[in-house]
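Got the viewer open and ready to click? Let's take a walk through this one, stop by stop.

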Amino acid sequence: MEKWRATSRHLLRHFSKDLFDRRMSPSFGTFNRQLSSAEAVDLVLLSFVSVATTIQRNPLFSSISSDDISHFKEILGEKNVIHDEEKLVTANMDWMRKYKGSSKLMLQPRSTEEWISLSVVAEWIDCALSGVWPLKKAALAFRKVNSIYFQSLVQSFNLCLRISEMPPHSLFIMIRLFLQALCLFASSTYCDSDKLGNYGTHLILQVSQILKYCNSRCLAVVPQGGNTGLVGGSVPVFDEVIINTSSMSKIVSFDKVSGILVCEAGCILENLVSFLDNQGFIMPLDLGAKGSCQIGGNVSTNAGGLRLFRYGSLHGNVLGLEVVLANGTVLDMLRTLRKDNTGYDLKHLFIGSEGSLGIVSKVSILTPPKLSSVNLAFLACKDYSSCQKLLLAAKRKLGEILSAFEFLDTQALDLVLKHLEGARNPLPTSMHNFYILMETTGSNESYEKEKLEAFLLHSMEGGLISDGVLAQDINQASSFWHIREGVPEALMKAGAVYKYDLSLPVEKMYDLVEEMRIRLGPAANVVGYGHLGDSNLHLNISTPQYDDAILAQIEPFVYEWTSKHHGSISAEHGLGLMKADKIFYSKSPETVSIILVGSYLLPKSLCVDIVQLMASIKRLLDPNGILNPYKVLPPFLAS
Amino acid sequence: MKIMVAIKRVVDYAVKIRVKPDKTGVETTNVKMSMNPFCEIALEEALRMKEAGLASEVVAVSMGPAKCVDTLRTGLAMGADRGIHVDVPGALQPLSVAKLLKALVDSEKPGLLILGKQAIDDDCNQTGQMVAGLLSWPQGTFASKISICGLTFSAPLRSSRSTDLRLNQPRYATLPNILKAKSKVIKKCTPEELNVPIKSDLETVQVIEPPKRKAGVILSSVDELVDKLKNEARVI
């Protein structure tokens, strides 16, 4: 056994030396150059060149036909089925213009509390009035229904049977009553006739009907919300059908006492924020993309954002979900209970699954009350270790009122001042190396301002801060936030950008930025910023154009470095398409030493327990693999 | 030369204003208050003059309840040398403010008095003009540029509606200046000490929100427009 290990270690070390700067080969296959006697080791070779060349369209998926389009039109109506090429251009491309799909169909399902199409009602009336639908059979069929609507329906039925005996004017009254009852019943609940025996009633959702059909036809599907994702997870890869949730944007209910908000998946985050603002509450998450991103997408990707530091992640704040599975089953886990320890908490599977296990259709979220006093300070530090010490001191001294702790380095600030309109340097007198944005939120304005001022002055005397500014009114505060939130936008305007979102131990976070600077030299502008309070670094490398040579210098190195320091290659952006085959960098047991170079090699026997479990869950919930294919999990595992 | 700047503590510019349910005024409890933006610009101008060597001292003045001291501290943190707080618990009309300012000018004897054009809570645009009248000083209103050449005058400052035509961009309060401000003096006085009786000539009867704008209607042709103007709006 030892001999085997020695051999494999020798081999792998040998590989690394030779393969370090080699360009990746675009084909799957076994690597047999220096294997010779080591056939005992099972090697799985995965190449990671830009995905377009490796991913093939899965031939098991059907293509869209005109029958499909007419079926969708029946379910959704003419307006909500979009197959016009021009209108699909924006839906096919992501926000960063890095990923482009070629879908030919986009569907926009609407909210549930809607009247079922009149054609269905008309059909019912026809059946009822012609006596085709015997009353007794209907009663048996609806035996689990106990609603008053059904009662009135039955009564109306009875009345209708005696229509011929009625004088003419009562006839109209009877018909009107019957139609009213029928319509009320149709709009509230609808029994799926083949599931009646087991399920009784369940709400019918257009999303559910669409997915049931797509599953039966094996049509691949991409759920799309605001399309603001940064890893290509919300755009089709080939010709998947886009299911856009923008029309499902109703706020279902809001409880003013507990702060629990129930809304549909298509509600835009900013709209929810303004709605809650009127009620005196805030959303527990806040992102730069809030003007376009939708809550369903936020939940599906477990979005982080600026408030995670204070309010925690969505796993803690989402109390319930209504999810539609790939076969159309609607899982109604929409509870508004703060505590519910009954059985396995399945909603956590869907939070962060990036639409690959089910489509989120409704969300129940706990919103914190809005606190009146917000103070913001923009500080400058001379080196990274003082940033860390400042974080520790702030957590200790400002503890309960600290609500955000962000950092930018001087390159990030330069970019923002150069490319963003209206950005003004709060500390123009001298250039510093690091900038920190610290926010406190509380209920007592003067007390907190004093506390914050005292802390800042003390830190300044202690040498932790070299300079700083305290925002005196809301305008100044929003201009500071504009600088921090505008860094991604400024990077986009500066040219091509390679984005990496890494979770690293706080002490090591900036070391990576410095190493990348040395590695890339003057060819690229390496910028580091992020949520220092959450140990989340956004490493961005800005170059005038996209260049494969630079990508080769960056890509395996960054993931390898992160893996070596036990970090995560995707802290909050998710895996999507960009990192679908990179999951092993953060999910393999420590005992494995993974050599990551142009292509990475993994002893099959040693890896993959966790990821294989993920793949089996995916197979369980989505056997045909139609939901968001080619993403999240490595392609070779998904099949 | 000493410059005196009057600053007012008002509801923050970015806050969504709500009318109190009893319609007696605007909701001000638990709402963020800060320095009036025009007053900020006035103070910035005074500070720039001091930095250019045209003035020796900048004195900030504020009138109102005890919380005004916070606004004065902000002014001191921006760079003013001294603060004066006139403690008046209730609401103040522009005429009373003007009389108080006259009394302060008489005692402090500044060479220049700078005020903001108007306060964003009442939009009166009266104090500057009234003070100049009471003092019989020359005044320049809606100033978009100020240069000193030995005259004394009181000049409210203009901030034009378009973002480019501001007189200046007020500076931020940096931490070293905040520290220095802690040791600066804020003198407190009352209207009685200044011999100014405060009486209100105006009584606010009711404060209501303006009616919500009705949605517009998109018409399909000129004939329809004429028809609507004739029959519905009855203007032709």
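Start where the two chains meet: select Glu445(A) and Lys32(B), whose side chains form a salt bridge with 3.2 Å from N to O. A salt bridge here is a side-chain nitrogen of Lys or Arg within 4 Å of a carboxyl oxygen of Asp or Glu. Side chains of opposite charge can pair when their charged atoms come close.

Before you click on, some ground rules: this is a predicted model, where local features need pLDDT of at least 70 and side-chain atom pairs count only at pLDDT 80 or more, while totals for chains, interfaces and linings use all residues. Residues are numbered from 1 along each chain as its sequence is written, chains are lettered from A and ligands numbered from 1 in the order in which they are written, and side-chain values use heavy atoms, leaving out hydrogens and water.

**The meeting place**

How many salt bridges are there between chain A and chain B? Three. Now show the whole contact (heavy atoms within 4.5 Å): 24 residues come from chain A and 22 residues from chain B. The area buried there is about 2,200 Å², with carbon and sulfur atoms giving 55%. Buried area is the accessible area (1.4 Å probe) that two parts lose on being put together, summed over both.

**Inside chain A**

Next, select Glu406(A) and Arg484(A), a salt bridge with its closest N and O atoms 2.8 Å apart. Glu406(A) sits in strand E12 (residues 402-409) and Arg484(A) in helix H19 (residues 474-485), so this pair ties together parts 78 residues apart in sequence. Helices (H or I, at least four residues) and strands (E, at least two) are DSSP runs, numbered from the N terminus.

Are these two buried or exposed? Glu406(A) is buried at 2% relative accessible area, and Arg484(A) is buried too, at 6%. The cut-offs: buried is under 20% relative accessible area, exposed is over 50%, and partly exposed is in between (1.4 Å probe, protein chains only).

Now jump to Glu78(A) and Lys73(A), another salt bridge, at 3.7 Å from N to O. Glu78(A) is exposed at 57%, whereas Lys73(A) is partly exposed at 22%.

**Over to chain B**

Pick Glu51(B) and Arg171(B), joined by a salt bridge of 2.7 Å, N to O. Glu51(B) is exposed, at 56% relative accessible area. Then select Lys2(B), Glu57(B), Arg82(B), Glu108(B) and Lys187(B) together: salt bridges link them in a network.

To finish, zoom out: a search of the whole structure finds 32 salt bridges over all chains.
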